[in-house]
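Work through the exercises below with the model open. Each task is followed by a solution in steps.

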Amino acid sequence: MKTIGVLGGMSSVASAEYYRRINEGVNAHLGGHSAAEVVLYSVDFGVIEGFIRDEQWDQAAEYLAVLARRLEQAGADFVIMATNTMHRVFDELQDALGIPLIHIVDATAEAAIAEGANILGLLGTAPVMEADFYRARFADHGIEVLVPSEQDRGLVHRVIFEQLTHGIIDDQSRREYQRIMGDLVARGAQGVVLGCTEISLLVTAADMPGTVLYDTTALHADRAVRVSLGLQPLGKEPLSQVG
């Protein structure tokens with residue numbers, strides 16, 4: 001079993017979900033009392049939130065690179081970032097590491113491709129929905145991304161930072177997310193990407209019957225489990241070609 005390095009704390013709510021899913025995933029494969037071998041570094045989300053708010057991406061990359069290297073020094077064989085937004089600095093972190101970093105979009109795109117989807121709606125923080133780094137990675141896989149209107153993007157972003165990262169689950173916010181996802185489907189989305197690691201705590205498949213939801217947290221954690229157990233390589237091979 002390879003040791004999984006998790007760069008977390010962005011937010012701690014999401015990191016707890018990653019830790020749970022990774023351990024449950026390993027146990028589902030191996031049974032008994034088996035659990036994952038994990039090295040977790042939880043960062044100060046207050047620092048990260050400031051970088052995001054002020055768009056200080058170079059400083060964010062420097063800050064996270066130092067902490068990612070601590071995971072490598074602690075014995076991690078590969079690293080995942082328990083966040084969508086900070087994949088904005090993925091390339092800088094990978095360059096700083098001597099071990100692989102698994103991209104959250106790759107795991108999500110492969111699941112969509114396996115189901116024949118090439119147009120996806122996207123919910124996430126403002127940087128995820130509006131910047132090129134996330135959509136361009138999907139484009140590398142041949143997937144087109146649709147995002148909500150400007151007003152709805154603002155709503156999605158506020159719910160994430162004002163509620164979900166604090167563990168607050170609000171029924172009105174759920175209804176707004178359902179409406180927004182419905183609009184994306186009406187525009188041609190063949191599924192909706194939950195492109196923030198906390199969104200799956202607010203909306204699930206049961207809230208959107210008939211719509212495929214791609215939970216980036218679940219898919220990223222499952223990818224880490226499969227790589228750790230030698231069931232999937234670290235490259236971008238489609239899921240249909242691995243054991």
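The model is predicted, so local features need pLDDT of at least 70 and side-chain atom pairs pLDDT 80 or more, while totals for chains, interfaces and linings use all residues. Residues are numbered from 1 along each chain as its sequence is written, and side-chain values use heavy atoms, without hydrogens and water.

**Exercise 1.** Is T211 buried or exposed?

Step 1: Buried means under 20% relative accessible area, exposed over 50%, and partly exposed in between (1.4 Å probe, protein chains only).
Step 2: T211 is buried because its relative accessibility is 15%.

**Exercise 2.** Describe the salt bridge between R153 and E130.

Step 1: A salt bridge is a side-chain nitrogen of Lys or Arg within 4 Å of a carboxyl oxygen of Asp or Glu.
Step 2: For R153 and E130 the N to O distance is 3.0 Å.
Step 3: R153 belongs to helix α8 (residues 150-162) and E130 to helix α6 (residues 126-130), 23 residues apart.
Step 4: R153 counts as buried because its relative accessibility is 18%, whereas E130, at 42%, counts as partly exposed.

Definitions and conventions. Helices (H or I, at least four residues) and strands (E, at least two) are DSSP runs, numbered from the N terminus.
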